[in-house]
Amino acid sequence: MNTFGTRLKFTSFGESHGVAVGCVIDGMPAGLKFDEEFLQSELDKRRGGGKFATARKESDRVQILSGVFEGYTTGHPIALLVPNENAHSKDYDNVKDLFRPSHADFTYFHKFGIRDYRGGGRASARESVARVAGGAVGAMLLREFGMSVESGVFGVGGFVSQLKEQELDFEWAKQSEIFCLDKALEDDFKNEILKARNAKDSVGAAVFTRVSGMLVGLGEVLYDKLDSKLASALMGINAVKAVEIGEGINSSQMRGLEYNDALSDGKFLSNHSGGILGGISNGENLLLKTYFKPTPSIFARQKSMDKSGKNVEFELRGRHDPCVGIRGSVVATAMVRLVLADCLLLNASAKLDNLKKAYGLK
């Protein structure tokens with residue numbers, strides 16, 4: 001599926017080495033102040049370049065095609081376009097007939113019968129530029145209600161921060177070249193990435209996302225719970241292999257008395273649930289962890305198979321991230337923003353009183 005969301009629908013289009021990548025956001029209310037400068041700044045965070053990301057340098061200058069007039073949303077579909085300016089398709093000539101290990105090449109070919117070998121085509125992480133653009137628009141709606149989503153990296157390879165949620169330094173992450181949440185581990189993270197790169201290899205990473213200013217009541221019961229929507233959105237990001245909410249895996253090792261978030265004097269005394277109860281937000285911070293596998297595009301010699309079933313050995317060319325989770329943290333923020341914006345709009349019609357107020361009725 002290329003469309004995401006229930007009330008706020010996000011559709012992306014484009015391929016890694018095509019003319020452009022873009023998205024259409026449908027369902028955004030009219031009258032929202034459209035912050036084009038903020039939108040561009042979010043895309044700039046995701047851009048490549050430098051020692052810790054792909055050498056593919058794109059300006060990623062966004063073009064607003066529709067849905068905005070005189071600085072405000074019109075209530076009609078918002079179409080955003082980001083041209084591809086620096087694709088080197090010839091880098092992939094030597095792999096056009098074979099399947100790169102741990103890529104989508106094998107499954108895409110067997111499902112669709114077509115092999116777009118140019119950087120992975122639609123399966124490329126280049127598509128995530130559209131998600132970041134859509135997430136930035138979602139953030140414009142969330143800020144009207146005091147909600148803020150921020151992410152950073154708390155683990156790279158075998159180095160994992162032991163800081164508690166309240167100790168993670170999101171201010172430091174904003175100026176960190178790798179969005180590091182633990183200042184003491186910044187050099188270790190960087191060295192781990194460079195070691196992998198110098199060895200023609202790659203390394204995985206772990207991302208922490210926190211949502212502050214949460215409202216109570218976001219998320220639908222049973223089959224469209226907030227936690228399931230968030231997990232689905234985050235698992236849909238390229239290279240993500242696991243997602244945790246609140247205590248996550250640790251909750252399976254705890255007892256109920258330890259895990260339960262007790263209440264007193266109108267507030268929760270802990271947040272082991274990560275801000276969600278019964279699939280609905282409880283007003284506490286949302287706490288999410290997203291785990292990225294090592295970038296499958298590596299330059300070491302590897303074994304594989306071509307389309308005819310013949311065994312081959314090859315060495316990849318091109319420009320690739322040694323640690324996809326670094327820029328993936330920006331994408332994680334975007335996907336959480338889209339989910340929450342969708343839930344915010346859905347919740348507006350949860351009560352009859354809300355509908356009557358919308359029409360000036362008592």
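Which elements do the buried residues of α1 pack against? The legends below, all for a predicted model, start from that point.

**Figure 1. Helix α1 and its buried residues.** The buried residues of α1 pack against β7, α3 and α8. Helix α1 covers residues 36-46, and its buried positions are F38, L39, Q40, E42, L43 and R46. One of them, Q40, has a relative accessible area of 7%. Because buried means under 20% relative accessible area, Q40 with its 7% counts as buried. Apart from neighbours within four places in sequence, Q40 is in contact with S59, D60, R61 and V62.

**Figure 2. Helix α1 against helix α8.** The axes of α1 and α8 come within 8 Å of each other and cross at roughly 140°. On the α1 side the contact involves F38, E42, K45 and R46, which meet R327, V330, V331 and R337 of α8. Sorted by class, the contact of α1 with α8 contains three nonpolar, no polar and five charged residues.

**Figure 3. Helix α3 against helix α8.** Helix α3 (residues 128-143) and helix α8 (residues 324-347) have axes that come within 7 Å and cross at roughly 45°. With that angle, α3 is oblique to α8. The crossing of α3 past α8 is left-handed. From α3, the contact takes in S128, R131, V132, G134, G135, A136, G138, A139, L141 and L142. From α8, the residues are V330, V331, A334, M335, R337, L338, L340, A341, L344 and L345. By class, the residues of this contact of α3 with α8 are 14 nonpolar, four polar and two charged.

**Figure 4. The open sheet that includes strand β3.** Five strands, in the order β1-β2-β3-β7-β4, make up an open sheet with antiparallel pairing. Its edge strands are β1 (3-4) and β4 (63-66), each of which pairs on one side only. Within the sheet, β2 (residues 9-14) and β3 (residues 20-26) are joined in the antiparallel sense over six bridges. S12 has C23 of β3 as its bridge partner. Helix α3 lies across β2, β3 and β7 (78-83), and runs at about 30° to β3.

**Figure 5. The open sheet that includes strand β8.** A further open sheet of five strands has the order β9-β8-β10-β16-β11, and the pairing is antiparallel. The edges are formed by β9 (159-160) and β11 (240-245), each pairing on one side only. Helix α5 (residues 186-198) packs on this sheet and touches β8 and β9, its direction making about 65° with that of β8. Strands β8 and β10 (residues 205-212) run antiparallel and are joined by eight bridges. Helix α8 lies across β8, β10 and β16 (286-292), running at about 150° to β8.

Figure 6. V149 is part of strand β8, residues 148-156. Is V149 buried or exposed? V149 is buried, with a relative accessible area of 6%. Its bridge partner in β10 is V211. With neighbours within four places in sequence left aside, V149 is in contact with L142, T209, R210, V211, T333, V336, R337 and L340. Of these contacts of V149, L142 also belongs to the α3 side of the contact with α8, while R337 and L340 belong to the α8 side. V149 and D321 are 172 residues apart in sequence, and their C-alpha atoms are 24 Å apart in space.

Figure 7. Strand β17 (residues 302-305) has Q302 and S304 on a covered face and K303 and M305 on an uncovered one. β17 pairs with β18 (residues 311-314) in the antiparallel sense over four bridges. K303, on the uncovered face of β17, stands opposite E313 in β18. Five residues lie between the strands of this hairpin, in which G309 takes a positive phi near 95°.

Key. Residues numbered from 1 in each chain as written. Predicted model: local features only at pLDDT ≥ 70, side-chain atom pairs only at ≥ 80, totals over all residues. Heavy atoms only, no water. Axes fitted to C-alpha atoms, helices over the stretch in contact; angles between N-to-C directions. Helix = DSSP H or I, 4+ residues; strand = E, 2+ residues; numbered from the N terminus. Parallel < 35°, antiparallel > 145°, perpendicular 65-115°, else oblique. Left-handed = near helix turned anticlockwise from the far one by under 90°. Contact = heavy atoms within 4.5 Å. Nonpolar A, V, L, I, M, F, W, Y, C, P; charged D, E, K, R; others polar. Pairing = 2+ DSSP bridges. Buried < 20%, exposed > 50% of the residue type's maximum accessible area, 1.4 Å probe, protein only.
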